[in-house]
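Colleague: I'm new to this one, so please pick a single spot and walk me through it closely. After that, tell me how it sits in the whole chain.

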Amino acid sequence: KRKAKKEDASPAKKAKVEEKVTLYIGNLPEDVAEEKLMKFFKKKGVAVEEIRKVGTKPFAYADLADGSQLSTALELNGTEFKGKELKIEQAQPKNAKKEQADKTPQRAQGGGGGDRKDNNTLFMKNLPFSVTEDALQEVFENATSIRLPVRDDGSPKGFGFVEFGSEADAEAAMKEHQGA
């Protein structure tokens, strides 16, 4: 009996989930009214359910009445409206930036904790600009690789990466040289 109830409930949940398609409309004239934007989209054959302006900012969000009109709406990108070329694109959800940050590898965020190779690598900051890979190799004798990033003009950036053969070697080196 319990299984039968679960099976009955799941199709209904899937059927009622329909996402709203929202447009970002940028480069708007300063004092444009939401009604004028509604008329603009209506003339272009795009049914808009709601338009939300954000104070006096030069952009707004528009919820499409029919999500299937997204491609038609996106074709309006670059269309002139009251002397300005509109920027129209699909809006990203509010939490999209947070989700994107969550998907960014830990290594890029500077958090370590990524794959095994990351655990074998020490990040070194505040290095003197005169330091060389050879000088660091003398300090970290069991390092397998040393990288000192440089700017486009060839000058050092003041940080580097020292890679070791094992995580234990990296931890030992960090304990020995931390703060040095």
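Modeller: Let's start with Glu85, which touches Asn27, Gly78, Thr79 and Glu80, leaving aside residues up to four places away in sequence; touching here means a contact, with heavy atoms within 4.5 Å. Keep in mind that this is a predicted model, where local features need pLDDT of at least 70 and side-chain atom pairs count only at pLDDT 80 or more, while totals for chains, interfaces and linings use all residues. Residues are numbered from 1 along each chain as its sequence is written, and side-chain values use heavy atoms, leaving out hydrogens and water.

Glu85 itself belongs to strand E5, residues 84-85. Glu85 counts as exposed because its relative accessible area is 54%; the cut-offs are over 50% for exposed, under 20% for buried and partly exposed in between, using a 1.4 Å probe and protein chains only.

Now zoom out. The protein chain has nine strands along with eight helices, all taken as DSSP runs numbered from the N terminus: H or I over at least four residues for helices, E over at least two for strands. Of its 180 residues, 27% are buried. Take the chain's contacts between residues at least 6 apart in sequence: 55% of them join residues at least 24 apart.

Asp134 counts as exposed because its relative accessibility is 60%.
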